[in-house]
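Subject: Structure handover

Hello,

Here is the structure we talked about. My notes on it follow below the display.

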Amino acid sequence: MARLECRWGPLNTAVLLASLLALVATPTFAQKLPGAPQGPSVASRLPEFDAPAGDFVGADRCQSCHKSETTEFHKTGHASITFPGKDYIRGCETCHGPGKAHADAIEAAHGDDAETAEALKKYPYFAFRASAEENAARCLTCHITSKQQEFFAHSEHAGHGISCNQCHATHLVDEVRDLSKSGLSYPQGYFFQVPQLADEIRWTRNSLLKQSEPALCYGCHKTIEAQFALPEHHRVPEGLMKCSDCHNPHGTMNLASLSKPGWETCVKCHVEKRGPYVFEHPAAKIEGCVACHNPHGSTNNFLLARREGRQLCLQCHTGFHGQAQVPHSRLGFQTSGECTRCHVTVHGSNLDPNFLR
């Protein structure tokens, strides 16, 4: 029987290497943009429209004038909302209200600008140009059923007159953006490249936000944007984290609208600091991690609030030799250096009450 031998020449070796490189370069191994968290569970509720069925015309009639809006609207989950027993309330009129009188008046104007303007005044529809409270109330008809949005009426955004339609868009058209003002540039963005989704794909997959995070949040929170430009920061500008990973913009019972109380928000990612410990650091349990760290950005290592760790510790542990807080003389403490040189487990310990081990 003849024996087959396989000989690898330079050409075959090159083909093998090219095949391996092609395999590694497939999308399966590519870095992916962090996906949006699973959206909240919302129950659709029948709007309180005091109008008969004949006052509703359906989305097809709206599309004759608002084609772009209707096309984008049908890409969202809002388009599939129905109400058993009142099938005539659906589509655009679920949020904007009955539209027959408005549609008839606009068609009767035959394109005349003056008559069209008069028709809009005489037969208006809810165009989300009312007060922030009224705009939000229309959305909260359904979204109040979500546990992530039930506190919106008591949130800081609502208190400052921010309504849902200022951040979200049920149809992503006619969005005027001021491109003359450039944002801050981040050197880290040149080193950490995250692929960007097309605007419409991002919109449909990310809670119908008008812009991606954090650009949307930076529109109002300019001081926070400046903090993220500091050398030490969480990787929000690079696109590896989002503001909503830590905060709930619709409001919570926690400080700064954190998604979880106190230090629980931080240890969701920093699991090695969670504990529980036999000997807890009171600062972390009472004030939270922000007692020592600036979460948005800092010029200091580990996002510390002070340049030197010992300066940070002495904000609480005041006193000199002979007092319980700092059992060191001034000269002895200065020669010893940083507190963490000895107190190595500052977040908590299971062995030593003074965090020495």
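A polar contact is a pair of N or O atoms within 3.5 Å, and within protein one of the two must be able to donate a hydrogen and the other to accept it. That matters for the start of helix α6, where a side-chain oxygen of D112 comes to within 3.2 Å of the backbone nitrogen of A114. Please keep in mind throughout that this is a predicted model.

Helix α6 spans residues 113–122 and is hardly covered: among its 10 residues, the count of buried ones is one.

Overall picture

The protein chain has 16 helices and two strands. Of its 357 residues, 26% count as buried. The chain exposes about 24200 Å², and carbon and sulfur atoms supply 58% of that area. Among contacts with a separation of 6 or more, 61% are between residues 24 or more positions apart.

Cysteines

How many disulfides are there? The count is zero. C92 is in no disulfide, and the nearest cysteine sulfur, that of C62, is 4.1 Å away. A disulfide needs two cysteine sulfur atoms within 2.5 Å. C92 counts as buried, at 16% relative accessibility. For C313, the closest cysteine sulfur is in C339, at 3.8 Å, which is too far for a bond. C313 is partly exposed, with a relative accessible area of 25%.

Two loop residues

T76 lies in the loop between α3 (67–73) and α4 (93–96). Is T76 buried or exposed? With a relative accessibility of 10%, T76 counts as buried. A polar atom of the T76 side chain lies 2.7 Å from the backbone oxygen of F73. Leaving aside residues up to four places away in sequence, T76 touches T170, W203 and L208.

M241 is placed in the loop between α12 (222–228) and α13 (264–267). Which residues does M241 touch? Not counting residues up to four places away in sequence, M241 is in contact with H234, R235, V236 and C246. E213 is 28 residues from M241 along the chain, and the C-alpha atoms of the two are separated by 8.8 Å.

Aromatic rings

The structure holds four aromatic pairs. In one of them, the rings of F49 and F56 have centres 6.1 Å apart and planes at 50 degrees, so the pair is tilted. F56 is buried, with a relative accessible area of 9%. Another pair is Y218 and F228: the ring centres are 6.5 Å apart and the planes are at 45 degrees, so this pair is tilted. Y218 is in helix α11 (residues 215–218) and F228 in helix α12, 10 residues apart, and the pair links distant parts of the chain. Both Y218 and F228 are buried.

F49 and F56 also belong to an aromatic cluster, which they form with Y88. Elsewhere, the charged end of R138 sits over the ring of F126, 4.0 Å from the ring centre.

Regards

Definitions and conventions:
Residues are numbered from 1 along each chain as its sequence is written. This is a predicted model: local features need pLDDT of at least 70, side-chain atom pairs count only at pLDDT 80 or more; totals for chains, interfaces and linings use all residues. Side-chain values use heavy atoms; hydrogens and water are left out. Buried means under 20% relative accessible area, exposed over 50%, partly exposed in between (1.4 Å probe, protein chains only). Helices (H or I, at least four residues) and strands (E, at least two) are DSSP runs, numbered from the N terminus. Contact means heavy atoms within 4.5 Å. Accessible areas come from the Shrake-Rupley method with a 1.4 Å probe; for residues, only the protein chains shown count as cover. Rings of Phe, Tyr and Trp (its six-membered ring) pair if their centres lie within 6.5 Å; planes under 30 degrees apart count as stacked, over 60 as edge-to-face and the rest as tilted. A charge sits over a ring if NZ of Lys or CZ of Arg is within 6 Å of the ring centre and within 35 degrees of the ring normal.
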